[in-house]
Structure formats: structure tokens, C-alpha cells
Amino acid sequence: MAITNELQSLTQSNEYKAGWSFYLVLAGVITTIGSSLPVGYNIGVVNTPAETLKQFCNESFITRYDVHLDQQWLNVLWASVVSIFIVGGCIGSVLGSDLANRLGRKMATVVTNGLSVAGAVMFLFCEKANSVEMLIIGRLLVGLSGGLTTSIVPMYLTELSPLSLAGSMGAVCPMGVNVGVLVGQVMGLKFLLGQPPNWPYLLSVYALLVIICLPPLLMLPESPKYLFVTKRDEETALKELSRLRGVSSSLLTGEVEVLREEVLAGEAASQSGEKWTMGRVIMDPKLRLPLLLACSMQAGQQTSGINAVFYYSSTIFKQAGLSEENSQYATIGCGFINVCTAVLMLKLLPRFGRRPLLLLSIGSATVILAILAASLKFIDTVSWMPYICVIAVLSYVLVYGLGLGPIAYFIASEIFEVGPRPAGMAWGSLANWGGNFLVGMSFPSMRELIGAYSFIVFAAITGALFVFQKMYFPETRGKTPTQVAQLCSRGFRSKPLLSKTADINV
């Protein structure tokens, strides 16, 4: 049997060529503002009120428990407040697979947004309740919401989109995260909510966007692929597909045929009748290479040192001669570059594909990290070296956003078929949050022990990721997940890069 090329069938069809529609655009806007943006916001916002929050924690312990925390224990408590967010992200990544299959992609997103609002309520009232516990629970809830979001939302958006727009829709979620980080930095400015008394409002204000987006989120269609392939509810799936595309289902024969092929492929791969759990996915030899590609890309996004670069950016800008306030604005400028590149990727991905952009991004990041390490080493001994550091930081943020940043989030949705896709994306999201946790725990010690050479470690890891992805990552643009799965089905014996056509005989 030959697996047809969906892109070819749609573009050659005289009936209908799927493109942007009202509900597709609405899904991208609503999930960006109401789901992805809060994830980035909660990543970036906690740095500004850090000292004020430490003081609150200390005063709360004194008044409630008559315990005065010394600096060491206060740092331990603050580290718990910060890291519990990542722990929640890991838990949410694991739960995302089951939640997406039980409730559907849309309703799972609704539940995720509800957790985000619950976290904001904890932030808003923890000062009045004089409760550090509420602050920690709030961080756990928003972390849980973040893990679920990065596992479910990219899958939902790519399943809603036609094949020709899958890359653009896949880049929407990371764009929302980047926008959220930038918004968190901007809201932390003193003339907005950066004054010490405003920290409960600073931590919780994102909830307004989530609440506003909930009603239109409920109006969105459920994923037709989920209904058709996973639930086997063809009637409802066709109704939702027709509503999503804005045309009669009789004009969507090309897309329906592709859905039927995914059902047949799923039946052939799952004759045992077992559900696609995370455990089953990791044990399936045919999925081993796709799983390693997705997880290494997601983990590599964090182990490339992006958060460490942002951490160093303010110090670098100060050493380049900027004031405290201007350094903060320059750091916001880095976030702005990140957002601009994410928007640019909406145009670049359909034109250039995934593989060239990803390899360009990872390879360039490796070189720039090495330059950054060298310039940091000599920043105090060479007069012009701070300017090299500034250029390196800005360049790194730019090249990171041109591939490694956005592509890692959605690539699992293009290399896993509908059945194992939730579990595959859950593993990828878990790898991302795990990499975040690893860097967060190890970077302060590395910085203390080896200083600027920490970025040589990041460069080495990123270089290894480049080699692996260059050897095995196939171009997915214009191919259905079934076709990509066939390319990678023989694991490390696969030759996915040798395929010159989109049609594969099985």
C-alpha cells in the first residue's frame, strides 16, 4: 500500500485547498494569550520581586511560627519556591498524555487554564493570609499548568491545522511562551507593578487574560484527528472538521482520506488493543528513534543554557557600562528579540522547513556559546570585551529563536502518529522540564566552580545535539506523521535522510 502525500492531494484537488480559517486563527490567538503566555509569564516574573518575596517568607515564619530564618535557610526556602514550579511542570508533562486522551485536546486545555487561575488566586491572597504555603502551592499549580500546556497545546494546534500550516501553528505555542516572558519582565518595571507592595498583583495579573480567553476556548472545535482516530467517532469528527475549515464536509475528501489512513496505520501498529501509554511508547522499538529525537531536542533546548544566558545578561550589560535601570531595559530587549524571532518563524517554517532552520540554530548556538565563554573569561582584562559579550548574548538569543526554541515544542506532533502522539509529546515535555531542572540545580554550582567555562559545557552539549540531529532528524515539512514514522521505524538502522520523496511503500 502506498501512503499518499497529503499536501499533494490537497493542492491538486479541485474541490478545496485548506488554509487559514476563522476557527483556526481563533484557536491560535486564544491558546497563545490564555494558555502559552501565562507559562512564560510565570517563568520570567518571579525574578523582579525576589528580594521582597524573601522578606515576606521570613516575616511570615516569624509571626506564625516564631522562627527567624537565617540567610542559609532563607535561601533554601526561596529555592523551594522557585523550583517547585519546575517540579509541577514535570508532573504536568507526565499527566498530559492521559488527560489529552481522556478529555480530548480542547477540554484538557480548559482544565489546564483552570489550574492556572487557581494558582493566581493563591498568589493574590497569600500576603493577606500571611501564608508562605499558599505561595508554594500557587507556584506548584502554575507549574502543573505549564507542564500540561507544553504537552497538550502544541498537539492540539497542529492537529487542528492542515498539513501546509502545521509548522506555523506549531510555532504559536513557543511564541506565546516567549511573549509571556517578555510581558513578565515589562510588568516588573517600577512604574508598572515593580514596586514592593504590588508583588501579589504582579504575580497574579496574568489570570485576567486566562479568564477572558476561557469562553472563546470553549467555543473552539475539538481536534478532528483525535475524534476520528482515537475516539473513532467519525460523525462528530467530520462535523468539527467542517466547522473548522468553514466548508461542507463533502469538500474535505482529501483530509478525510488521510485520517482513514492514520486509522489503518494505527490498527496495524496496535493489534494488541493496548492503550498508548508512556511506558508502551518507550518500549516500542519502532518509536525509539522518534522518541530520542523529540526528547533530545526538548532537553537540549534547556541544556543549551538559555536560562543561564538570560541570568548573565543583566551582569554583562552592567559591565558594558549600562546603569541598573538600563541593564533591565537591555534584558527586556533580549526578550523582545526572542519574541520577534518567534513571529518570524511563522513565515520561515513553511518556506524553509524544519531541518535546515534547526541545524542552523543549533550549530550557530554552539559557536556563540564558546565565544561567550571566552569573552566572559576576559571581560575584566580587555577593555572592549564587554561589547563582545553583549553582541554574543544578543546573537545567541537570536539564533536560539530561529530553530531550537520553537521547533522543539511541536516536533513530536509531526513525528508521532495520533495514537502514540500524546505519550510522545508528554515524554518530550518531561525532557524539557527535566532539562530546565537540571540546569537550574547545577548552574549555580558550575558558575561557582568554573565561572565562564560553564558556557563551554553548554557549548559541548549543544554541539553533541547538533551531531545527533544532523545524522537522524528528517525533514518533516510536507509529510504526514505516518510517513515520518515509517522513515524512522527501524531505529538507528533507519535512513531517514535518504528519502527524496514523500511517498513510502509499506
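How much space lies in the largest cavity? I looked that up and found about 130 Å³.

**Ground rules.** I am working with a predicted model, in which local features need pLDDT of at least 70, side-chain atom pairs count only at pLDDT 80 or more, and totals for chains, interfaces and linings use all residues. Residues are numbered from 1 along each chain as its sequence is written, and side-chain values use heavy atoms, with hydrogens and water left out.

**Cavities.** I took a cavity as a set of points, on a 1 Å grid over the protein atoms alone, where a 1.4 Å probe fits but cannot get out; lining residues have an atom within 4 Å of a point. Grid points are joined across faces, edges and corners, and a volume is the space filled by probe spheres set on the points. I counted four cavities of 30 Å³ or more.

The largest cavity is lined by 17 residues, and Leu-163, Ala-166, Lys-225, Glu-414 and Pro-481 are the closest to its centre. I noted that helix H6 (132–160) and helix H21 (412–415) each give at least two residues to this lining. Helices here are DSSP runs (H or I, at least four residues), numbered from the N terminus. The lining of the largest cavity holds four nonpolar, six polar and seven charged residues. For these classes, Ala, Val, Leu, Ile, Met, Phe, Trp, Tyr, Cys and Pro count as nonpolar, Asp, Glu, Lys and Arg as charged, and the others, Gly among them, as polar.

Next I checked the second largest cavity, with about 80 Å³ of space. Of its 13 lining residues, Glu-159, Lys-225, Arg-245, Glu-255 and Leu-259 are the closest to the centre. H6, helix H11 (224–230), helix H12 (234–245) and helix H13 (253–269) each supply two or more residues.

**H3 on H6.** Which angle do helix H3 (residues 50–65) and H6 pack at? I read about 135°, with the axes 9 Å apart. Axes are lines fitted to C-alpha atoms, for helices over the stretch in contact, and angles run from 0 to 180 degrees between N-to-C directions. H3 is therefore oblique to H6; that word covers what is left after under 35 degrees (roughly parallel), over 145 (roughly antiparallel) and 65 to 115 (roughly perpendicular). On the H3 side, the contact (heavy atoms within 4.5 Å) includes Phe-56, Phe-61 and Arg-64, and Val-132, Glu-133 and Leu-135 make it on the H6 side. By class, I have seven nonpolar, one polar and two charged residues there.

Methods: On a 1 Å grid over the protein atoms alone, a cavity is a set of points where a 1.4 Å probe fits but cannot get out, and a pocket is an open set with protein on both sides within 12 Å along at least five of seven lines; lining residues have an atom within 4 Å of a point.
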